[in-house]
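Thanks for coming, everyone. Let's look at the structure together and talk about charged side chains.

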Amino acid sequence: MNRMLAVFRREFMGYFSTPLAYIFIVIFLFLTGVTTFYVGGFFEAGQAHLQVFFLFHPWLYLFLIPAIAMRLWADERKSGTIELLLTLPVPLWAAVLGKYLAAWAFTGVALLLTFPVWLTVNYLGDPDNGVILAGYIGSLLMAGAYLAIGACISATTRNQVIAFVVTVVVCFLFTVSGLPIVLDFFSAWTPQTVLATIASFSFLTHFDAITDGVIDLRDVVFFASLIAVWLFANGIVIEMKKAG
Amino acid sequence: MIEILNLVKRFGPTITAVDGISFHVGKGEVLGFLGPNGAGKSTTMKMITGFLAPTAGTVRVLGCDIREDPIGTKEKIGYLPEGAPAYPDMTPREFLQFIADVRRIPHGSQTELIALAVRRTELASVMEQPIDTLSKGFKRRVGLAQAILHDPPVLIMDEPTDGLDPNQKHAVRNLIRRMAPEKAIIISTHILEEVDAICDRAIIIDHGKIVADGTPDALMARSHHHNAVQITLDSEIAKIAEEAFLAMPHVADVARHDLPDRTASLTRFTLYPKDGQRLVDEIGAFTRARGWSTHELYAELGRLDEVFRSVTTGDTQ
Ligand SMILES: Nc1ncnc2c1ncn2[C@@H]1O[C@H](COP(=O)(O)OP(=O)(O)O)[C@@H](O)[C@H]1O
Ligand SMILES: [Mg+2]
C-alpha cells in the first residue's frame, strides 16, 4: 500500500514540477468558461443550474484527457525510467494504480478549480446544489474512464503522439456510441440486442443520466467497471512487453 | 549468492539475445560481464533484475527465485540500468526519497541511508538541482546512489563508468571495490582495463553464449602475449640481436618495431615464448652476458583485449 502511495506521490508531484500542469489547468478552465458562457449561453438561459457547464465536459475531455494520459507510460518507456520502476520491489498493480490515481487526482484538481462557476450560479440564483454535486461526481467518473483508456494505450508505445491519437479515437468511439447518428448506422443491419449493447457503452448516455441529478448505481458501476477493465488491460500490456 | 540458471531470451522467432547462460556469483566477488555490443549483456541483466521475463531458465538471488517471488528478489538487488535512467524533473534528494519510500526503508533510517549513499557517491553539491540539469557524471552517480541506497546484498550495474571522465571512473571503481567484500556484484563493461582494476572474475559472452570465464589473470594467460618479453636495444645491434633471439630454443617468434618518433637509434623487440613459458630471466641473462645495453626489459602478463578479440571473433592475432 505505501508502495503504491510512493508511486502516486511521485507521479502527482511530477505534474506540478513542469509547466505542463499549469498549461493544462489554464486551458481547461478557459475552455470550460468559453463553452459555458459563450457557446452554451449560460447567462442568456437565465436558469440557475449548471447543465450547460457539464454539457461540454465529454467533448473537452475527449482531447484534454488523452493529453494527460499519453505520457503516463509512454514517457517512462522513452526515458528508460520504466526499467527503474519495474525493477524496484513494486507490485505491478501498485505501479499501475499509483500512476493512474495520480493522473485522476490531477484532473480532479483541475475540475475543482472550476468552482468560480459554481459560486457564480449560486450568487445569481438558487440552484439545486445536490444536482450540481452529482454533475461533478459524474464528470470526475467520466474523466476517470477516459484516463483509464489513455493509460492502457500509453503503455503500448514509447511514442506519446501515437498514444494521444489512438486514445482520442478510442475515447471518441466510447463517447458517441449512444448518439442516434451512430445507432442509425448500425440499426439497419444489427439485431436490437447488439444495438442496445453498443448504446449502453456510451459515455454520453451514462453521463447525462448522472448530470440530471440522479446518481443511479448502474451508471456508477458502468464507469467503475470500465476503469477496472482498462486498468487490468494496462497491467496485461506491461506484462506482455516484459515477456518481449 | 546469485545463481543464473540456463537463461534464454528470445525476441520474436528469429532473435536469440541470450542463449543458455549459467553462472554463480558468490559473496565478495566482483564479476565483470564482458562482450561486444549486442552480445546480450544488458538483456541478461534485465532478466536478473526482473525487467524482462526469461524465455527459459531462471535467476535466484539468495535462494529467492525471480519468477516465483519477484518482489522478494527485487528487494535484495540494487540495479543500475544502462544509461542510469532517473526522473528528470526530480532533484536527487526527491528521487532518493522516492526510492527510499518505494523500498519501504523505515522512516527512522531513511535520512541516514540517503546521507550515506550521497556521501559514497559524492552527490552533496547537487542535491537540490533537477536531475535533467546535471552533467552526465552526476546523473550516473545519482543512478549509483539509487542502486546502493538500501545497502543491497547484490548489485547489478550495467556499464557503471560509461561516459565518465578518468577521475570519475576512478572514484566509481573505488566505490565498487570498497563495497565488494560485503556483496555479490556484477558489472558489465567493455572497458577492459576496468576488469583488471576491479573484477575478481570475468565472463565474456558473445551472441548470447559464454565464451570465456575465469580470473583476469587466467584469461590473460590465454593471450598470445602471455609471458612475452618486451626488450628495447640500440638499433645498431638490432640485426644481430634479432638473429640471436630467433636462435634461442624457447623463443617461438620475434617481432621488431623501430621507434621512429623517439631517438631514432632504438629498436623494440617482442619475443614470444614457446608454449607460453616464462622467458624474461633467460633473455635478461642472455643480453647481460653479451654486454648489450637494454633500455627496457619486461615480461607481459598477457593482453585482455587480445583474448577478448580472439574469443569473440575467432581472430587469434
Ligand atoms: N526489445 C528487444 N527487441 C528485439 N531485440 C532486442 C531487444 N533488446 C535487445 N535486443 C537484441 O538483443 C541483442 C542483445 O542486446 P543487448 O543485451 O542490449 O546487448 P549488449 O548489452 O551486450 O550490448 C541485440 O542483438 C539486440 O538487438
Ligand atoms: Mg548493453
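B:Arg173 is buried, at 12% relative accessible area. Buried means under 20%, exposed over 50%, and partly exposed in between, with a 1.4 Å probe and protein chains only. Keep in mind that this is a predicted model: local features need pLDDT of at least 70, side-chain atom pairs count only at pLDDT 80 or more, and totals for chains, interfaces and linings use all residues. Residues are numbered from 1 along each chain as its sequence is written, chains are lettered from A and ligands numbered from 1 in the order in which they are written, and side-chain values use heavy atoms, leaving out hydrogens and water.

Which residue does B:Arg173 meet in a salt bridge? The partner is B:Glu193, at 3.7 Å, N to O. A salt bridge here is a side-chain nitrogen of Lys or Arg within 4 Å of a carboxyl oxygen of Asp or Glu. This pair links distant parts of the chain, 20 residues apart: B:Arg173 sits in helix α6 (166–179) and B:Glu193 in helix α7 (192–198) of chain B. Helices are DSSP runs of H or I, at least four residues, numbered from the N terminus. B:Glu193 is exposed, at 55%.

Now chain A. A:Lys242 bridges to A:Glu239, with closest N and O atoms 3.9 Å apart. Both lie in helix α15 (217–243), three residues apart, so about one helical turn separates them. A:Glu239 is partly exposed, at 38%.

Next, A:Asp216 and A:Arg218 pair at 3.0 Å, N to O. A:Asp216 is partly exposed, at 27%. A:Arg218 is exposed, at 63%.

Over all chains, the search finds 24 salt bridges.

Note on methods: Helix = DSSP H or I, 4+ residues; strand = E, 2+ residues; numbered from the N terminus.
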